[in-house]
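The sequence and the model come first.

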Amino acid sequence: MKHEQTATDILKLVGGEKNIESVTHCATRLRFNLKDESIANNEALKNVQGIVGVASSGGQYQVIIGNEVNNVYKALAQLGNFTSKNDAPAVKKGKVSTVLDTISGIFTPILPAMIGCAMIKAVLLILKTFDLVDLDGQFNTIMTFVGDAAYYFLPMLLAWSAAVKLKANVGFALTIAGILLHPSFSALMSAGEPVTFFGLPVTQATYSSSVIPIILAVWILSYVERFAEKYSPSVIKSILKPLVVILVMAPLTLIILGPLGAIAGNYLASAVSYVNTHAGWLVSGIIGGAFPFLILTGMHYSLGPVVLTAYAQTKTDGIVGPGMLVHNIAQGAAALAVALRTKNKAFKQVAYSTSVTALLGISEPALFGVNLRLKKPLIAVVIGGIVGGIYVGLFGVARSALGIAGLATLPAFITDNPWNLIHAAIGLVIGFVVTFLMTLILGFEDVPEDGEDQRTPANSSSTNRVPIVSVSEHVLTAPMTGRVLELSTIKDEAFATGAMGKGIAIEPTVGKLVSPADGIISAVFPTFHAIGISSNNGAEILVHIGMNTVKLKGEHFKVHVQEGDEVKAGDLLIEFDTDAIAAKGYDLTTPIIVTNSDDFTDVIGIDKPSITIGEKLIKII
């Protein structure tokens with residue numbers, strides 16, 4: 001994979017630097033916060049070499065890459081500054097999406113450290129199991145605290161990542177975490193005597209390995225810091241602001257926020273313990289079957305507080321880990337069955353390689369590259385995940401080291417219970433066999449040798465078709481009536497600079513959008529203000545009605561097609577109320593873009609002041 005080229009393509013297809021608020025990455029995917037997700041070209045991104053899929057959930061736009069994600073992220077970081085705040089307004093997210101995005105964004109950056117320490121503990125477990133280490137020796141002592149470091153000092157790691165996510169000062173956040181973990185404070189808490197600060201009682205609590213207290217503290221810190229920044233006199237701001245922040249946050253954290261977070265953590269721990277005791281088998285079955293959909297939305301990292309709470313309480317995870325193990329093995333089993341059955345030689349290699357990766361614990365390439373693409377194997381994965389998950393749940397399987405779950409990390413299921421590893425192994429075998437057989441039984445529609453997906457287009461109604469002139473296969477007709485504008489003159493830089501591709505814009509006078517070409521509807525955005533068409537001549541077309549109209553959330557738009565529908569040039573796609581939209585202050589200028597312009601010699605727009613639906617608009621050479 002050429003990481004630089006992949007990064008360049010990604011940057012262009014998500015709408016350029018101006019459309020990016022921030023970007024980070026986890027083990028397999030780039031995670032963007034975009035200002036307008038409708039600008040991103042999903043279909044074109046899926047065709048970029050090295051990308052296995054895209055997903056959008058919880059306020060994040062995710063590009064799934066696999067094991068090479070770190071290299072692509074580094075190449076992307078060289079192309080622009082994505083952490084600074086741009087002037088253009090971001091699309092407002094819902095409260096639930098904001099919370100999920102925040103949780104996921106806080107946990108994602110610290111996962112490598114947690115996985116590394118978990119693997120240290122897994123190695124030590126193997127050495128202890130086979131009596132290869134002196135339990136009283138210094139090697140065992142050092143390996144133990146190395147493996148525990150990321151978990152004991154978890155508040156420090158969370159303080160850093162939460163500060164970055166919540167736009168607080170990292171130094172302040174780490175200082176607050178240091179206060180909670182300071183040996184002198186820990187000694188006061190363990191002395192068993194009442195502790196007061198400013199005459200107020202400090203609740204007894206232990207903050208090592210805790211999650212909620214520090215996240216809550218950094219959240220409040222972000223507001224205190226802004227307050228101190230705003231009201232500190234400029235002449236003494238450099239010394240007054242830090243003093244105010246620490247002087248306010250230290251007692252606030254020790255007296256209120258820390259205990260409040262600890263209480264919330266205790267309730268969460270009690271809930272986890274209750275579920276694990278009374279319905280562990282059901283939870284593991286649900287996790288095993290539902291994990292593909294958690295991955296599809298990228299919200300599997302939102303389970304972090306639950307996993308870490310369980311781990312802090314019992315030093316094991318019997319909630320998520322066992323079900324995730326079975327799921328990853330099931331993904332590998334389905335991909336392997338596909339590899340054995342497919343007649344497409346190139347796809348066979350993809351299925352084999354992603355199968356191995358999934359069996360080792362990284363399931364996204366198999367999910368997005370094979371099983372989701374063929375659909376029926378994904379059904380087999382869900383069935384196998386449920387059956388295997390119920391088995392490991394019934395026998396109380398748990399893991400003693402966190403991280404990815406697969407054959408490579410199976411030693412993480414070595415616990416004080418000698419049968420734990422055996423039942424984990426039996427559960428993954430059950431998940432593998434059930435999924436493999438169900439994939440063969442259900443079958444799948446094979447990928448043709450030319451590599452193109454087979455589709456069964458929905459019937460397109462001809463009752464809403466506008467009569468148009470006869471045109472050649474390399475001409476796009478006007479999808480709306482109105483004034484013609486050069487792309488470079490519109491207000492949105494992502495379109496005006498050509499970052500999204502070449503094309504033209506129309507300022508509509510009639511609230512109707514029709515198809516500019518024969519083809520397939522490749523995307524209908526949830527807010528109905530934009531639509532993608534894959535034309536039969538190979539052009540990928542994006543029509544974006546108005547500027548920032550995503551904020552209308554579908555109001556004043558009526559869509560007549562859905563993704564996968566076959567359309568003809570002139571078919572009615574969307575109706576919209578021009579007067580109502582304009583009355584709310586939105587610019588209705590509509591770019592018509594050929595997003596894969598680089599695949600052609602040139603894309604030339606018509607040179608005339610106005611146009612009517614169905615007239616020649618763009619010539620593709």
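## Ser597

Ser597 is buried, with a relative accessible area of 5%; buried means under 20% relative accessible area with a 1.4 Å probe, protein chains only. The model is a predicted one, in which local features need pLDDT of at least 70 and side-chain atom pairs count only at pLDDT 80 or more, while totals for chains, interfaces and linings use all residues. Residues are numbered from 1 along each chain as its sequence is written, and side-chain values use heavy atoms, leaving out hydrogens and water.

The loop that holds Ser597 runs between strand E17 (590-594) and strand E18 (603-605); strands are DSSP runs of E with at least two residues, helices runs of H or I with at least four, numbered from the N terminus. The side chain of Ser597 reaches the backbone oxygen of Val594 at 2.4 Å. A polar atom of that side chain also lies 2.8 Å from the backbone nitrogen of Lys502.

## Helix H16

Helix H16 covers residues 376-394, and its 19 residues should span 27 Å at 1.5 Å a residue; the end C-alpha atoms are 28 Å apart, which agrees. The expected span is 1.5 Å times one less than the number of residues. Among the buried residues of H16 are Leu378, Val381, Gly384 and Tyr391. Gly396, which follows H16, has a positive phi near 65°.

Notes:
Buried < 20%, exposed > 50% of the residue type's maximum accessible area, 1.4 Å probe, protein only. Polar contact = N/O pair within 3.5 Å; in protein donor to acceptor, adjacent residues only side chain to side chain.
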